[in-house]
Amino acid sequence: MLLAAALAGGASGCGSDAGPGAPPAPGAPGTTAGPGASGTPAPTSAPGTTTAPGAPGTATAPAVPRPDPRPGEVLVQVVVTGGFAGVRNRLVVHRDGEWTVRSGDKPPRTGRQTPAEAAGLRAALEDPAFALVPARPTGRPIADGFRYEVTYGRRVVVAGDGDRPPALRRVFDALPEGGPPTSP
C-alpha cells in the first residue's frame, strides 16, 4: 500500500493537470513536507508508525488488532454437527471475549474469556498459517465423527475430526471451555 502511495505521489510531481499557479502537490519540491531548504530531512514518524497519505505529519498505528474491541462484534463462530448423538452446537465468541454456546433446546451457556485468553484466540485466528488451512475437508470422513464449521471474518473453514492441521488445532485450543462444543 505504501508503494502505491509513493508511486501516486511521485507521479503527481511529473506534470500536473492543476494548471499554472496551482499550489504544488504535498511532498513536491518547494513544499514543507520534503527536505528543508537547508537540505536537512523533514521529521519522520516514530518507529512502528506510518504517515497516512494526504495527512502530512499525522501518524497512524501499525496494522495490529484493535486493543478496544467494539462490544458485540463477533470474532469467530464455530458450529459443530454430527457425532454419535447427532449434536448441533453453535459457539459464538465476540472480540471482547464474551461467548455464548447454544446446544439444541438447552438454555444457552455464556461466559467471558480473560483478556489474555481473548488475545490468544485472536492471535491463533490471525496467524498466517490459519489462512492456509483448506476451506473443505481433505481426508476421509470418520464414522460418527464431528464436522466443524469455523467462520472468521468472511472465511469459512469446514473440517472433520480427521482434518485438523496444526493451525486449526491452535484455534480450537484457544476457544472457550477448551475447544469446540461437542457435548449434546
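**Close-up views of a predicted model**

**View 1. Asp144 lies in the loop between helix H3 (128-131) and strand S7.** Helices (H or I, at least four residues) and strands (E, at least two) are DSSP runs, numbered from the N terminus. The model is predicted: local features need pLDDT of at least 70, side-chain atom pairs count only at pLDDT 80 or more, and totals for chains, interfaces and linings use all residues. Residues are numbered from 1 along each chain as its sequence is written, and side-chain values use heavy atoms, with hydrogens and water left out. Asp144 is not a glycine, yet its phi is positive, about 60°. Is Asp144 buried or exposed? Its relative accessibility is 53%, so Asp144 counts as exposed (buried means under 20% relative accessible area, exposed over 50%, partly exposed in between; 1.4 Å probe, protein chains only).

**View 2. Six strands make an open sheet with antiparallel pairing.** The strand order is S6-S5-S4-S3-S7-S8. Two strands pair if DSSP finds at least two bridges between them. Strand S6 (109-112) and strand S8 (155-160) stand at the edges. Each has a single partner strand, so one side of each lacks a neighbour in the sheet. From one strand to the next, the twist averages 15°.

**View 3. Strands S3 and S4 form a hairpin with four residues between them.** S3 covers residues 74-82 and S4 covers residues 87-94. Eight bridges join these antiparallel strands. Val80 stands opposite Asn89 in S4, and Gln77 faces Val92 in S4. In the turn, Gly83 has a positive phi of about 80°.

**View 4. Helix H2 (residues 115-126) packs on the sheet.** H2 touches S3, S4 and strand S7 (146-152). Contact means heavy atoms within 4.5 Å. The direction of H2 makes about 75° with that of S3. Axes are lines fitted to C-alpha atoms, for helices over the stretch in contact, and angles run from 0 to 180 degrees between N-to-C directions.

**View 5. S3 also pairs with S7, in the antiparallel sense.** Seven bridges link S3 and S7. Thr81 stands opposite Arg147 in S7.

**View 6. Strand S5 (residues 98-103) pairs with S6 over four bridges.** The sense is antiparallel. Glu98 stands opposite Arg112 in S6. The hairpin of S5 and S6 has five residues between the strands. Gly104 in this hairpin takes a positive phi near 55°.

**View 7. Glu177 sits in the segment after helix H4 (166-174).** Phi of Glu177 is positive, near 60°, in a residue other than glycine.
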